[in-house]
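Try each task before reading its solution.

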Amino acid sequence: MIVIEKVVMFLFIRVVRASNREMQERFQHSSETVSRCIKEVLKLLCFFAIEVIKPVDPQFTSTLREIAMNIRYMSHFKVRQTIFFNVF
């Protein structure tokens, strides 16, 4: 199986939330092949993330203002929020 097909299978599962059975039917591969391909792509994406995606602050000592001020995330940053407001 070529790499493009493996990536398409992975994206299809993520976007459409397809089951293994639906993937077997759609791509005409066994459940073992579908599982193996998805695991391969996921593993490679994790390696890719380690090599390419690097945070500006690797220790995560600060919180972005957009996140700290968003009501949706506020409960997760209550302690940090008080520090944030005391500084500014």
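A residue counts as buried under 20% relative accessible area, as exposed over 50%, and as partly exposed in between (1.4 Å probe, protein chains only). This is a predicted model, in which local features need pLDDT of at least 70 and side-chain atom pairs count only at pLDDT 80 or more, while totals for chains, interfaces and linings use all residues. Residues are numbered from 1 along each chain as its sequence is written, and side-chain values use heavy atoms, leaving out hydrogens and water.

**Exercise 1. Describe the protein chain as a whole.**

Step 1: Start with secondary structure, where helices (H or I, at least four residues) and strands (E, at least two) are DSSP runs numbered from the N terminus. The protein chain has six helices and zero strands, giving the pattern α-α-α-α-α-α along the sequence.

Step 2: Turn to burial. Of the 88 residues in the protein chain, 19% count as buried.

**Exercise 2. Find the aromatic pair and work out which parts it ties together.**

Step 1: Apply the rule. Rings of Phe, Tyr and Trp (its six-membered ring) pair if their centres lie within 6.5 Å; planes under 30 degrees apart are stacked, over 60 edge-to-face, and the rest tilted. The structure holds one such pair.

Step 2: Name the partners. They are Phe12 and Phe27, with 6.0 Å centre to centre and 85° between the planes, which is edge-to-face.

Step 3: Phe12 sits in helix H1 (residues 3-16) and Phe27 in helix H2 (residues 20-27), so the pair ties together parts 15 residues apart in sequence.

Step 4: Phe12 is partly exposed at 21% relative accessible area, whereas Phe27, at 16%, counts as buried.

**Exercise 3. Follow Phe27 into the largest nonpolar core.**

Step 1: Define the core as a set of buried Ala, Val, Leu, Ile, Met, Phe, Trp, Tyr and Cys residues joined through side-chain atoms within 4.5 Å. The largest one has nine residues, including Phe27, Met9, Ile13 and Val41.

Step 2: List contacts (heavy atoms within 4.5 Å). Leaving aside residues up to four places away in sequence, Phe27 touches Glu5, Val8, Met9 and Phe12.

**Exercise 4. Is Lys6 buried or exposed, and what does Lys6 touch?**

Step 1: Lys6 lies in helix H1 and is buried, with a relative accessible area of 16%.

Step 2: Not counting residues up to four places away in sequence, Lys6 touches Met1, Cys37, Glu40 and Val41.
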